[in-house]
Structure formats: structure tokens, C-alpha cells
Amino acid sequence: MSSTETQTTEIPGTTIFDGVQAQKGYQLNKMCYSFNDAECREAFLADEVAYCEKFGLTAEQRDAIKARNVLQLIEAGGNIYYLAKFAGIFGLGVQDVGAQQTGMSVEDFKAMLIAAGDD
Amino acid sequence: MAQIVGGITTSHIPAIGGAISNGLQEEPYWKPFFDGYPPAHEWLDKVQPDVAVIIYNDHGLNFFLDKMPTFAIGAAAEYPNADEGWGLKPLSPFPGDPDLSWEIIESLVADEFDMTTCQEMKVDHGFAVPMSLLWGHKDKIPVRTIPLAINTVQYPLPSPARCYKLGKALGRAIEASSSDAKVVIVGTGGLSHQLDGERAGFINKEFDLMCMDKIVNDPEALTQYSMLDIVRNAGAQGSELVLWLTMRAALSEKVKKVHSNYHIPISNTASGLLVLENAA
């Protein structure tokens, strides 16, 4: 695959979900997409290892799922829209996910967002 | 010949759906956001549209990466909402207008926009939250709907310039149709926000306010940006600006700004509302 604009343009702290990421993360994203269904969310919670196995996750993806680590999941090809469904299983919303990725407390992350309206 | 009465841009953040379900509109966090909407309701009561074309992005409810259309349009009699996995209560199905959908499809494809046509289409919060914000206070939703989904999930995304041309073609298609409906175009999502990566929480008020002005007065100026320019300036999910731009292109060259509101933050996002009336 030749180099594309998305691969050669750096935006700090941002992973562009292009063809490279979409191929790398396909199984992981497919598993997370399944979490639209309550039955699938329950099946994951009942036996997480077996559920990851069913979707053929790579070792890197399984580790990232086990660690509940969003940056690792993105590195393993995860797309935030599907990962949000994974986070939802644990009752975590986008501000919890934002706080985790930035290394902030949820309160500090929310305060940062409010401060963005002040200037 | 259908008539386009105007356009609305509105945020579609899932948390808004939760706030409506839980009746939080008067809470201090939510009030500055919800207070923006009564003027939009008054305008809709005045112009009385029959049809709403909702330009939105699917966030992984109807489309997965197995088949990811760049541009998809609904052609169904109704569009169900469904569980998205993180707790938002599904809403009742939204009525469609398949006759007008097919006329638009015929016209768009003839105009070289090769749409994916959907006779079954689940609509997610990107569609449903704006419907609640604009018409949820009514006993019954008073418009038929046509969903138009643009891929903002998997790159390459269509460029702002391409989306602008799609909007132009959409406007021509509606105005050439045999329907006698009054149509409102709704561009959803935005403005600046980023959910993923170490840059999560990124908001850019200056860029947003510039975009809100350009959408009204000089939308073509925004077609100069690449999608990555928009991501750099408005965050990864700020890419939803193209949904606004597509809406704006379907309107007349000059529009009257009836109302606007801008508020930071709702959830991780800067929210913008515009009500634009088409030139007579």
C-alpha cells in the first residue's frame, strides 16, 4: 500500500483510523460492534476469554481488552466508536474514557472541558 | 416541486438523549444548551415542514467495517432506533417518505453521486437526538424523515469539497422532485471535539465560531480545508463539520440566520445550533 496523506500527516495524540488501522483492528472492532446486543454483552461478561477467542483477537488485542486500556486498544486497531460500546459494558462514558487516555481524574477532565468555554 | 424552507444545524451528543429521558433540561449544566432550542421550535412551528432530511453519521449501529458506504440514503417507510450498547433508551421508529427518497436517489445518481440505498436502516443517536431536540416535545413527530449518512468512521473520508457538492446536488434533487412537501434540511453533530487518544477533550472555540459564521455567510470558504485540516483544528470527531456543510450547500446561496446558539461543553463537545431560512 502506498503512503497516503493519513499516514504521512502527524496530528499529536491522534490516530487516524485509515485502511491500515481498519485491517489491524478488524476482529477487535467486530467484537465491540457485537456489544450493540445485550445478549452479546452478557456473553462477554460471562466468559471474557472465550468471547475474545470466538472473534479471533490477537494477543495484543486480548491484553488490551483485559487491561481495559483505551490507548492500548487504539494502538491495537480499535476505533473509538466501537470501543465506546466496550466501555459501556462497564458503565463508562466518553468522559471516563477521556480521563483515562489523558491520565487525568474524571473531575479534572470535566473541569478542563468547562474551562475550554471560558476564553 | 418540493420546497426547501431552510436548514438547521444541531449537536447530536448521546448524553443529550440521556438528559431528555431523565428530565434534566433545567439543571445548571444543561440549561444553557437547552435554552437554545425554543427559537428553533418557534421557527419550525412557523414554517411547518412536512419532511426533514437528516444528514448524520452512523457511529456503529447500522454500518460496520465489513461494508462502509461513503454516502448512504434511506428509502424506507420507517427507520428504527436501537440499543447502541451504552445505555441510551431506544426511541420509537421514525416515519419515512420512500417516494421522495427514491426521487432524490434517481436525481443524485444521475448527478454522479453513487449513493448506497437502504430499504432497511437503523438510525443511531446521530439521527435520533436531533429528532428529540427539534420535535420531541410534540405528541407525535410531525415530519416524515429521510436519513442521509456520511462516513466519518473509516478513512479516507469524503472531503469537505465533495460533501459540499453532494449538498448542492441534494438541493437540486429536492427542488426538482414531484413532491409538494416543504422540506427542512438538518445537519447534525459537531462542533469541535475529540474522544480518542491523548488529545481527548480537545475543543477549539475560535475555530468553531469561525465555522458558524462561514456556514451562514461564506460556506464555500470551508471547502478549502482537507479533512485532516479539520481534524487538526476541530479534533478527531470535529470531522462532523462536513454534515453541516452538506446541509448548507442544499440551501439557497444567501440565507437568513434566524437563530444561533453556541455552548461549551456538553459531554466532551462544543455544541452549536443554527436556524437558517432559505431566501424566498
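1. A residue is called buried if 20 or more other C-beta atoms lie within 10 Å of its own, exposed if 12 or fewer do, and partly exposed in between, with C-beta atoms placed from the backbone. On that count, 57% of the 280 residues of chain B are buried.

2. The model is predicted: local features need pLDDT of at least 70, side-chain atom pairs count only at pLDDT 80 or more, and totals for chains, interfaces and linings use all residues. Residues are numbered from 1 along each chain as its sequence is written, while chains are lettered from A and ligands numbered from 1 in the order in which they are written.

3. Chain B has nine helices and 10 strands; these are DSSP runs, numbered from the N terminus (helices H or I, at least four residues; strands E, at least two). Its radius of gyration is 17 Å, close to the 19 Å that the globule rule gives for 280 residues, so chain B is as compact as a globular protein of that length. The radius is taken over C-alpha atoms, and the rule is 2.2 Å times the number of residues to the power 0.38. The C-alpha trace of chain B spans about 45 × 40 × 40 Å along its principal axes.

4. Strand β1 of chain B (residues 3-10) has seven of its eight residues buried. β1(B) pairs with β8 (residues 182-188) of chain B in the parallel sense over seven bridges, and Ile8(B) stands opposite Val186(B) there. With β10 (residues 269-278) of chain B, β1(B) pairs in the antiparallel sense over four bridges; Gly7(B) has Leu276(B) as its bridge partner. Pairing requires at least two DSSP bridges between the strands.

5. Which residues does each chain give to the contact, in number? Chain A gives 40 residues and chain B gives 30, a contact being two C-beta atoms, placed from the backbone, within 7 Å. Elements of chain A that give two or more residues to this side include α9 (94-102) and α10 (106-115). By class, the side of chain A that touches chain B has 21 nonpolar, 14 polar and five charged residues. Nonpolar covers Ala, Val, Leu, Ile, Met, Phe, Trp, Tyr, Cys and Pro; charged covers Asp, Glu, Lys and Arg; the others, Gly among them, are polar.

6. α9(A) and α10(A) pack at an angle of about 100 degrees, with their axes 9 Å apart. Residues of α9(A) in this contact include Gly98(A) and Ala99(A), and those of α10(A) include Phe109(A). Axes are lines fitted to C-alpha atoms, for helices over the stretch in contact, and angles run from 0 to 180 degrees between N-to-C directions.
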